[in-house]
Amino acid sequence: MPDCSIHPKKTSTLRIQTEKNYAGEIDHDNSGWFTRRMGAHADGTLAAFFTWHPEIENAPETAVQLELFIPQNEIRYETKEQEIRCKRITFPMETVGPFALCVVEGLPSGDRDRFGAFYQFNLKQPGETMRVIRDPMAWSLPYGIYAPAELYNIKRVLAERRDADYFQNLDLQETGNSDNRIAPSVNLLEIHPGTATRKGTLWALDETFRQIGRKIRDDESLTIYEKNLTGFDAVELMPLDPVIEHPDNHLFWEENGVLDRQSQAQAQEQEVNIRLQKPAVTNWGYDVVIFGAAAVNPSLLATGRPHELLDLIETLHSFPGRPMKVILDVVYGHADNQALDLLPGEFFAGSGIYGQDIRFDHPMVRSIILEIQRRKMNWGFDGLRVDASQDIKRFDQKKEEVIYDDDYLEMMSNMKQEAAGITYKPWMIFEDGRPWPRHDWELAATYREITDRQVHPFQWAPTIFSYNTPYTYTYWVSKWWRIREILQFGDKWISGYANHDTMRRGTQADPTSVNVNWLLGGSLKKVMQNAYNNPAATLVLNGFLPGVSLDFLQSLCNTPWTFIRNTDMTYAVKVAAEEAYFTHWQISEGEFSDPAYFSELKAMGFRSLLELRRF
């Protein structure tokens, strides 16, 4: 007999509550009740499972199963490849309209020190075939978006947070309505966790900041790299959500042996072997699928435990001298095409520039993304930066046209967060370049569409937007009118000139077709470094202009940065081709000839930098 079992009373109570809230349809007013309960919630010895999928509504009564994988031996996450034994148990789930639910007693849940049970949902289809439905609201996806989720006890983990004093002394903006909103920072440092340290994990980044804090307290000298991480009152982390995966190479979870997937009236137990690989996805973080966005990208976790994110936030909140705010970067306006395999079709409004546009006029989709935002921010983030918010649109029935969904952006701004028992609203930042992608958007964009409608948010300034080219002659002269705009009303702008986009655009340029400013250096590499790490520009933007200036860690460290990913076959060649001139801007002959560097390229047959550039 299995060690766990369905709790009939709790399941019946949840079903009755669901029936009361579901009257044959879901509208914007009651959708939040459902999304708060979606996913897997551990509480003591009980675990409640609740999912939504439109296909469930027309399925037979016993068509949905909860499939559990309970590890029978220790998972060593740091091991590149391993095999574990799991007890596989399936339970029938009760259904109400498009919802399936059950409450199970006796399941192990994950926390800082251990992995919990893994789970997914199965839907019986015509012909007795079973379709796997994964949980879009999971707290933990240790083996990626195509593997079962983990039952993770987020309540227990957050209850032990060590920065309660920080939240009890928050710098809040008080308004007549007691807004309790976190005040803006003074200067921001943008960090890509996957390349900020040698190991590329949140644990390693946390360890780096802890070491810096210890040195400051002990009055020890800092390295140049460590100095570049100090002097800021806020850190902006590029997206931490799970990203797309290579369909052939990223097989992080594989079931060995034939598993019986027949629907059963009672629970069925079976022991199976699971082959695990440590996730190793290379991506800049913006190739998201929305699915699983409440979880943390497992490739950024050294231990596979999401609490690494909490540890980093606690370290920054207790930084010596002045606590550092932590800002989260999110992408909600679009999803990669891989999302079509993971989310119901109701999520999508159609194909777009980056894959699939999100259908923001659907009440459940609308509510799910807001709930994802609430869950992620409740780790204790101080602020939220919304990438490409101009992509958040919906079809207006009255106007019969697609409009910018400013109402939704305001709902995002007004989301209440809670950490250490303190309720607050985060500092909001929107990247909004409307009327992008209209051909004249760079001239037509005011970068004030949201700040004109809302009181508290900031927007990205024109100097920080992606198509800036400070390595060319007359760049700053041509942007003088934008500098005057910052002087005029830049107090609600995130200014600066170097970020993940601007540096990437720089190395993508053909140096023979742009007017390179050779006054910045005697080589393309020096020109690039001095363009994106320029003392004069930094001084003006940080010391004399209003608003909040942003710096990028790679630019401060004079570290090459570009867009490379190993997550697909369809666009990988296109992505690599766009980076063809990286070798001109960022690699010198001396560096390439050094035996210590580029060993893999040389093993492929590239003996000289000229050969590589020709290729």
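1. Basis. The model is predicted: local features need pLDDT of at least 70, side-chain atom pairs count only at pLDDT 80 or more, and totals for chains, interfaces and linings use all residues. Residues are numbered from 1 along each chain as its sequence is written, and side-chain values use heavy atoms, with hydrogens and water left out.

2. S389. This residue sits in the loop between β21 (383-386) and β22 (393-396). Strands are DSSP E runs of at least two residues, helices are H or I runs of at least four, and both are numbered from the N terminus. S389 has a relative accessible area of 0%, so it is buried (under 20%; exposed is over 50%, partly exposed in between; 1.4 Å probe, protein chains only). Leaving aside residues up to four places away in sequence, S389 touches L409, F430, E431, D432 and I450. Contact means heavy atoms within 4.5 Å.

3. R482. Helix α13 (residues 480-489) holds R482. R482 is buried too, at a relative accessible area of 2%. Its side chain makes a polar contact of 2.8 Å with that of E485. Such a contact is a pair of N or O atoms within 3.5 Å; within protein, one must be able to donate a hydrogen and the other to accept it, and residues adjacent in sequence count only if both atoms are side-chain atoms. Beyond four places in sequence, R482 touches E442, L443, A445, Y447, P462 and W493.

4. L519. The loop between α14 (500-508) and α15 (524-532) contains L519. L519 counts as exposed, at 74% relative accessibility.
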